[in-house]
Amino acid sequence: MIAIFHNYGSLLLQGFGQTLLCSVIALVFSLIIGSMFAIFETTPIKALRVIARIYIEVFRNIPLLVITMFFFVVIPMFITKINGFTAGTIGLTIYTSAFIAETVRSGIQSVDPGQMEGARANGLSFWQAMRYIVLPQAFRYVIPPLGNQFINLVKNSSVLAFVAGFDLMYQGNVIASDSLNTMSTYICIGILYLIITLPLSYWMRYLEKKLA
Amino acid sequence: MKDFLDAYSWINIHYLLQGLWITVAVSVVSIIGSYILGSILGIIRYVNIKVVSPVIGLFIDIIRNLPLLLIIFFTYFGLPNLGFRPSSVWATIFAMTIFESTMIAEIVRSGIVAVDPGQMEGARANGLTYGQALYHIILPQAMKKMIPALVSQFISLIKDTSLATIIVLPDLMHNAQIVYGQNSTYILPMFLMIAIMYFIVCYALSVLSRSLERRMG
């Protein structure tokens with residue numbers, strides 16, 4: 001195992017960096033898109049609610065691999081060629097945003113409706129009330145579940161291995177077939193994933209206890 | 001339009017349905033296995049047996065924080081190093097069961113913790129043993145709280161079987177790749193069709209869970 005770290009250190013580091021990079025990019029965009037659809041679901045406008053519902057139900061019930069492969073295989077046929085890293089990150093963003101939308105929506109709905117009514121009665125528009133009154137309170141509730149979504153995102157980013165995204169899992173397969181020592185290689189890869197996910201998961205459990 | 005009609009010929013659809021059957025069969029076996037194993041692990045973690053519970057807790061935390069894909073690779077390519085060579089079907093079932101049971105163990109544990117501690121005290125005060133109280137009083141109440149989380153875990157299990165394509169499990173995703181590998185005009189129709197098939201299976205399960213919740217709640 002030490003030999004693996006020693007001989008393939010740069011490959012492992014590169015994979016680790018790519019995994020982290022694509023997770024962070026996908027997190028930022030899926031937070032934006034997810035929050036947008038969550039707000040859509042709680043607006044009084046019916047058309048927006050229907051659009052949000054369809055988006056969430058469709059992408060929550062289709063495997064991440066199908067979405068990612070769609071961007072890797074189908075989009076280049078009709079629109080433009082995209083590399084594996086981009087296709088994987090887009091797939092991850094779309095898939096995760098549906099889950100984040102659900103999380104944020106339940107956060108918004110757990111805020112006392114009197115808050116919205118009070119804000120509206122004081123002359124704020126719906127969007128102002130959402131932005132300044134409801135969302136700040138909602139985000140407090142949703143921090144632990146959002147953290148868990150980020151952990152899932154890091155784990156799911158291994159799907160990049162399917163589309164040559166040069167992430168940790170992809171480099172793991174390269175190293176495994178080069179060193180012929182599959183056991184130790186996968187253990188090394190596992191340790192590198194745990195370095196990201198394990199502290200996050202303990203931190204979220206601590207926050208859950210503290211906020212409960 | 002003609003591409004779609006050609007792509008959805010009976011032979012291709014039949015081949016996809018065979019893949020769907022493998023996906024569903026592997027999922028069902030893994031769901032049953034991980035539900036049983038996960039409940040046992042979750043209860044052991046909750047009841048706090050000396051040495052055993054911390055070790056199991058550590059095992060749960062490690063496995064659930066790894067990508068499923070890594071565990072699939074590990075079972076299929078790593079275990080043969082130890083002289084154990086499972087087929088792709090059994091490797092998938094094994095990897096899924098181990099991974100999902102740690103996820104379910106967490107759901108079970110937090111479901112039990114969410115039951116009012118007064119229930120346990122009341123049951124003990126009425127003369128039930130710890131085991132009896134857990135089995136007759138705590139678990140049925142915890143079960144009710146767990147259903148939504150359990151079902152969404154099962155749905156992600158079904159979706160995640162698609163990852164086993166990489167170890168050549170002949171599932172829906174794999175069979176679709178075979179079909180569109182023959183003719184590139186089939187690519188878009190195939191993607192739409194498997195998306196619809198996965199959607200129907202997963203959505204049906206989530207509708208079922210909602211009606212189950214209503215009936216129990």
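A residue counts here as buried if 20 or more other C-beta atoms lie within 10 Å of its own, as exposed if 12 or fewer do, and as partly exposed in between, with C-beta atoms placed from the backbone. By that rule, buried residues make up 40% of the 217 residues in chain B.

Hi everyone, a quick word on what you are looking at. This is a predicted model, in which local features need pLDDT of at least 70, side-chain atom pairs count only at pLDDT 80 or more, and totals for chains, interfaces and linings use all residues. Residues are numbered from 1 along each chain as its sequence is written, while chains are lettered from A and ligands numbered from 1 in the order in which they are written.

Let's start with chain B as a whole. It has nine helices and zero strands; helices (H or I, at least four residues) and strands (E, at least two) are DSSP runs, numbered from the N terminus. The C-alpha trace of chain B spans about 75 × 45 × 20 Å along its principal axes.

Now to the record. UniProt, in an unreviewed entry, places the feature "transmembrane region" at residues 20-44, 56-77 and 187-208 of chain B. Such annotations may be inferred rather than shown by experiment. In the model, residues 20-44 of chain B are 100% helix and 0% strand, with end C-alpha atoms 35 Å apart. For residues 56-77 of chain B, the figures are 86% helix, 0% strand and 25 Å between the end C-alpha atoms.

Next, a helix pair. How do α2 and α8 of chain B pack? Helix α2 (residues 10-47) and helix α8 (residues 172-182) of chain B meet at an angle of about 155°, their axes 7 Å apart. α2(B) and α8(B) are therefore roughly antiparallel, a label for angles over 145 degrees. Among the residues that meet are Tyr15(B) and Leu16(B) from α2(B), and His174(B) and Val179(B) from α8(B). This contact divides into six nonpolar, six polar and no charged residues. Nonpolar covers Ala, Val, Leu, Ile, Met, Phe, Trp, Tyr, Cys and Pro, charged covers Asp, Glu, Lys and Arg, and the others, Gly among them, are polar.

Finally, the partner chain. 26 residues of chain B are in contact with 29 residues of chain A, where contact means C-beta atoms, placed from the backbone, within 7 Å. Which element gives the largest share of that side of chain B? That is α9(B), with nine residues. By class, the side of chain B that touches chain A has 20 nonpolar, four polar and two charged residues.

Terms used: Contact = placed C-beta atoms within 7 Å. Axes fitted to C-alpha atoms, helices over the stretch in contact; angles between N-to-C directions. Parallel < 35°, antiparallel > 145°, perpendicular 65-115°, else oblique.
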